[in-house]
Amino acid sequence: VQEAVCIVSEHYKENRYTRESLISDVIGEGNVVDSFVVDRGHSNGPEIHSVTDTGIIVVHNQRTGKMVTKLIARPGQVKRYYNAEGRNAPQDILAIAKEHLKKGYNNI
């Protein structure tokens, strides 16, 4: 049996331990529902932002495939991804993101 290897950035390894623990132990990473290419002009190039059914946004560098970070989604973030493509965000994911916001998870 071969184990999956997740390549992550140094930033994530060094600075996101608490958030990763909350995601893995409390929320759950979930399954990807949709992915969006986001280009903010970063020197490392565009990113792929994947929204999961538990309200997590997993960010990968598009060129290298490295995971950059995981975010606990806020409703506005989720809406912006979908609005940029002229689509409506799934109501169940928006509801989960709203609960995460109420609990202050996005500040971790």
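Modeller: Among contacts between residues at least 6 apart in sequence, 43% join residues at least 24 apart; contact means heavy atoms within 4.5 Å. This is a predicted model, in which local features need pLDDT of at least 70 and side-chain atom pairs count only at pLDDT 80 or more, while totals for chains, interfaces and linings use all residues. Residues are numbered from 1 along each chain as its sequence is written, and side-chain values use heavy atoms, with hydrogens and water left out.

The protein has four helices and four strands. These are DSSP runs, numbered from the N terminus: helices are H or I, at least four residues, and strands are E, at least two. Along the sequence the pattern is α-α-β-β-β-β-α-α. Of the 108 residues, 36% are buried. Buried means under 20% relative accessible area, exposed over 50%, and partly exposed in between (1.4 Å probe, protein chains only).

Now the side chain. Arginine 19 lies in helix α2, residues 17-27. Arginine 19 is buried, yet has no salt bridge. A salt bridge needs a side-chain nitrogen of Lys or Arg within 4 Å of a carboxyl oxygen of Asp or Glu. The nearest side chain of opposite charge is glutamate 20, 8.2 Å away. Here Lys and Arg count as positive, Asp and Glu as negative; His and the chain ends are not counted. A polar atom of the arginine 19 side chain does lie 2.7 Å from the backbone oxygen of lysine 70. Beyond its neighbours within four places in sequence, arginine 19 touches Thr69, Lys70, Leu71, Ile72 and Ile108.

Step back to α2. Arg19, Leu22, Ile23 and Ile27 are buried there. They cover an arc of only 95° around the axis, so they sit on the same side of α2. The arc is that of the directions from the helix axis to the C-beta atoms. An α-helix has 3.6 residues a turn, so residues three or four places apart point the same way. Tyr17, Thr18 and Asp25 are exposed on the other side of α2. The buried residues of α2 pack against β3 (56-61), β4 and α4. Just after α2, glycine 28 takes a positive phi of about 90°.

Helix α4 has its own buried set: Ile93, Leu94, Ala97 and His100. They fall within an arc of 120°, so they line one face of α4. Their packing partners are α2, β1 (32-38), β2 (47-52), β4 (67-72) and α3 (75-83).

Conventions
A polar contact is a pair of N or O atoms within 3.5 Å; within protein, one must be able to donate a hydrogen and the other to accept it, and residues adjacent in sequence count only if both atoms are side-chain atoms.
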